[in-house]
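Below is a brief report on one protein model.

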Amino acid sequence: MLRFNDIADRVLEYNPDGDLRLLQQAYVFTAKVHDGQERLSGEPYLIHPLEVAGILVDLRMDDLTIVAGLLHDTVEDTLTTLEEIERLFGEEVRFLVEGLTKISKMTYRSARVRQAENFRKMLVAMSKDIRILLIKLADRLHNMRTLGFLAPEKAQVIAQETRDIYVPLAHRLGIDWMRRELEELSLRTLKPEAVASLEQGLKGRHKEREQYIEEVRGVLDGKLRDAGLSAEVGGRLKDLASIHAKLESQGLSLDDLYDVIAFRIVLKGDSAALYHALGIVHDTWPPVPGRFKDYVALPKPNGYQSLHTAVIGPYGERMEIQIRTEEMHRAAELGIAAHWRYKGRGGALEDDAKFAWLRQLLERQGEVDDPHEFLDTLKVDLFPDEVFVFTPRGDVVNLPRGATALDFAYSIHSEVGSHCAGAKVNGTMRPLSHPLEDGDRVEVTTNPNQSPKKDWLEFVVSGKARSRIRHAVRLAENARSRELGRGILEREFRKAGLSLARLLERGELEDVAREKTNGSPEDLFAAIGYGKLASSDVVRALKPEWKKKEEKPERPARRMLPFFGREKPRSSSTGIRVNGHGDVLVRFGNCCSPLPGDEITGFVTRGRGVTVHARDCPISFGLDPERRIEVEWEEGTNAARQTRIRVTSRDEPGLLANVTKTISGAGINISAARIATHSDGTASQSYDLWVGDVRTLNAVMKQIERIKGVRSVERVRG
Ligand code: MN
């Protein structure tokens, strides 16, 4: 068990001016107020604050942080008050303890909402003092180390939360040992069987691996020494979580001896020695192209610096090597703590700019009101992998890996993103969805008429872009739903002999709106537009004798129509849902005649419902994008729709019969056919078909294509 004297000794090692008296006082106070309390393990509660303080010492934190670590549970779990803390330990300690207490005190409806709200509060507290986060991390780490005493379901929840939020936070703070340990502990709880079999598998070839590591170390040691470089060469098993991730994502097998090992060269001296050593490595074994990463010249946002390379090793295996200076190594392990300066009481960060990401996260949280969404974007922002690109002026911008030109635009400024109309990557025009790669030079153009599109959400990856786009789309959708609902209601009113305009004028809609939506007539329109409320209900509220909307007749079963028949198959439904609502007046664009299964988009027309076009219909591109609305085919719709295909073939007897037989054989009705023969011995045939969905059509077109003598089959649009 960790004792207070151990903590005191270690603090003095790195911070000789530390206030030992205060530390001791905090220890005695904690021991007193937690006296008689036990942890789930059955051990005295005091062990927990002591261990948390010990972890803060590992992080080389200042004395006040350690005092706060010792006291972190006193206000929450004992009768201690914040005033008492302030009186005994001062304002700064009170501030830290208060920040921590606020985070855990809140109770919320669901675990997820609570989690999201906790993080919001935590971020606010952190923004005032990052030490609050470090104490929180230390608290979590000790709880993870003792997770085994918790009921399994509870442990799962905590492990999941740790993996989602605390692991990325530790990573962002650059504290690699903590990131590794938290990640491994959560993996052990979340996937116990996988970890057990992984460890079993790794045991298998332990000896061979040790030999291999020794061999490589020997070679590197010798070569570096010959070059006059003083270095420590190490080979080690990669961390469990990353081996696990690799096994899952790439389907590797553990028999692949080398994939689980990474080598590290830690050099005395400055970064010049690193490139010298890199040259020696590449001279010894050929480098794997594209695997060299210079995080020395371009450090990761968390401050991490190293050279990474992969080479083809002595057995033709891929070997990963990191090269860094001693100073960089220390920084990689300690992270933020390596930038801590001890001056007077407490301490201060030398380089605040390193944690600009934290402030950016905070600035944005005001824009996100849905806690789920907040958590979602937070996770993206905390994600470890980055890509570096350049502005036209040569400034470095780092973005999450997979980021697109549009993410870049949003990273420059929300307004640049919202109005982004085009992108040039390395001088070439690219779509906004173009994924960026390290070193790309990106330039974007804006257009005041451009506005955020829902489709953009399909490719942007950064939290900032996602939350800004969602926000804008939601606003636009609300406006459109109101307009749509207003149109639907207007029509329904007309049928019932009412006038919407007059009712609005006289304020006679106010009561119904309040009754149905708890809001204004505008809210009423929105509810109808979103499909939450039926327009006929509103009419009945004003005119109770108005008949209930006729029940829809059952959809007729699909039946064969007479060959070459002209009859349109009866179908009561258009098979389209607008904003999730199936009861909306819908017309189809004659220009593109979309079929069920085609990608579609809708446009609101005032009073005439929604017009549906194919996504790629050129006519629809000319329509006002502000009137665009989400439409989708109703699941399993068999509302047959008319479409036309053109078949070009040799002019041969029997061929025409073959084509029509193929079409009707697929259960498709032909409503019209035209055949023209040409002097060059070819024939063009055009068929108007009633087809249930695009898959059937595609299948039959493929079949026609295979008929001997057929040159081409195409769908005719417009
Ligand atoms: Mn605690």
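## Helix pair H9 and H10

H9 and H10 cross with a left-handed geometry. Left-handed means that the near helix is turned anticlockwise from the far one by less than a right angle; clockwise is right-handed. Helices are DSSP runs of H or I with at least four residues, strands are E runs of at least two, and both are numbered from the N terminus. This is a predicted model: local features need pLDDT of at least 70, side-chain atom pairs count only at pLDDT 80 or more, and totals for chains, interfaces and linings use all residues. Residues are numbered from 1 along each chain as its sequence is written, and side-chain values use heavy atoms, without hydrogens and water.

The axes of H9 (residues 131-145) and H10 (residues 152-172) come within 11 Å and cross at roughly 140 degrees. Axes are lines fitted to C-alpha atoms, for helices over the stretch in contact, with angles from 0 to 180 degrees between N-to-C directions. The pair is therefore oblique. Under 35 degrees is roughly parallel, over 145 roughly antiparallel, 65 to 115 roughly perpendicular, and the rest oblique. On the H9 side, Leu133, Lys136, Leu137, Arg140 and Met144 make the contact (heavy atoms within 4.5 Å). Their partners in H10 include Ile158, Glu161, Thr162 and Tyr166. The contact residues divide into eight nonpolar, one polar and three charged. Ala, Val, Leu, Ile, Met, Phe, Trp, Tyr, Cys and Pro count as nonpolar, Asp, Glu, Lys and Arg as charged, and the others, Gly among them, as polar.

## Manganese site

Which residues coordinate the manganese ion? They are His48 (NE2), His72 (NE2), Asp73 (OD) and Asp139 (OD), at 2.2 to 2.4 Å. Donors are N, O and S atoms within 2.8 Å of the metal (3.2 Å for Na, K and Ca); water is not among the atoms, so sites may look incomplete. The donor spacing along the chain is H-x23-H-D-x65-D.

His72 is buried at 4% relative accessible area. Asp73 is buried too, at 8%. Buried means under 20%, exposed over 50%, and partly exposed in between (1.4 Å probe, protein chains only).

## Whole chain

The chain has 28 helices and 22 strands. Of its 718 residues, 48% are buried.

## Positive phi

Most residues other than glycine have a negative phi. Arg60 has a positive phi of about 60 degrees. Arg60 sits in the loop between H3 (47-58) and H4 (63-71). Asn426 has a phi near 50 degrees, in the loop between S10 (420-425) and S11 (428-430).
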